[in-house]
Amino acid sequence: IEIQGQTGLSKIAIGETLDNLINYVPKDKKTVIITDGNLKKYYQKQFPNWPIIETGTGEKNKTLETTEMIYRELVDLEMDRSCYIVGIGGGIVCDITGFAASTYMRGVRFGFVSTTLLSQVDASVGGKNGVNLDAYKNMVGVFCQPEFVICDPEMVPLSGLVTLESGPDRTRIRSAVVYTASRASATISSMVIRTAPVAMIR
């Protein structure tokens, strides 16, 4: 699936695998991974040999303070405007990664490996990136498209027929998603994605 938004084109790779991540990132770019502690623990052996910036888990870490920590680690790693950032995680990791990448040095290129069902069809698609401010959810953020979103069904912690209602202020999703253990594939019977203004789904 390709999504054309105001800030660029996103390729949504449904059924792709984490093992093929390296094929989506330009080989001449200094690349860094942003992920949380849980995913690093279970999947680090499958990560490409790139530096890793680790965040905490949970909504409490979706803050400007976490973003500042990421900025400082990027500086310590001597990442310049030509660098590439990959977020590996669910909605929180993708939101933080997208916001940090869109604002570091006025914006660098980035992509996602989305590891939860909701983030695959909502937080990682449409260019919505941001963090919370005190008790205000997603108060600080930007619209900026990731260049790619890898949706690896083997990383999603659920299987079978799924029906989700994501709430009145977010995308409403009623999808039949079938994941099989024998192959990385997903069948989506219906999916509605709310993207940035003037976005077109191809």
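Visitor: Is Lys62 buried or exposed?
Guide: This is a predicted model: local features need pLDDT of at least 70, side-chain atom pairs 80 or more, while totals for chains, interfaces and linings use all residues. Residues count from 1 along each chain as its sequence is written, and side-chain values use heavy atoms, without hydrogens or water. Under 20% relative accessible area is buried, over 50% exposed, and in between partly exposed (1.4 Å probe, protein chains only). Lys62 has 3%, so Lys62 is buried.

Visitor: Which residue meets Lys62 in a salt bridge?
Guide: A salt bridge needs a side-chain nitrogen of Lys or Arg within 4 Å of a carboxyl oxygen of Asp or Glu. Here the N to O distance is 2.6 Å. The partner is Asp95.

Visitor: How far apart in sequence are the parts that Lys62 and Asp95 tie together?
Guide: The two side chains form a salt bridge. Lys62 sits in the loop between E4 and H2, and Asp95 in helix H3 (residues 91-103), so the parts they tie together are apart by 33 residues.

Visitor: Is Asp95 buried or exposed?
Guide: Look at the relative accessibility of Asp95, which is 9%. That value makes Asp95 count as buried.

Visitor: Which residue forms a salt bridge with Arg109?
Guide: The closest N and O atoms are 2.7 Å apart. Arg109 lies in strand E6, and its partner in the loop between E8 and strand E9. That partner is Glu147.

Visitor: What is the relative accessible area of Lys137?
Guide: Lys137 meets Glu59 in a salt bridge, 2.7 Å from N to O. Glu59 is partly exposed at 35%. Lys137 is partly exposed too, because its relative accessible area is 43%.

Methods:
Helices (H or I, at least four residues) and strands (E, at least two) are DSSP runs, numbered from the N terminus.
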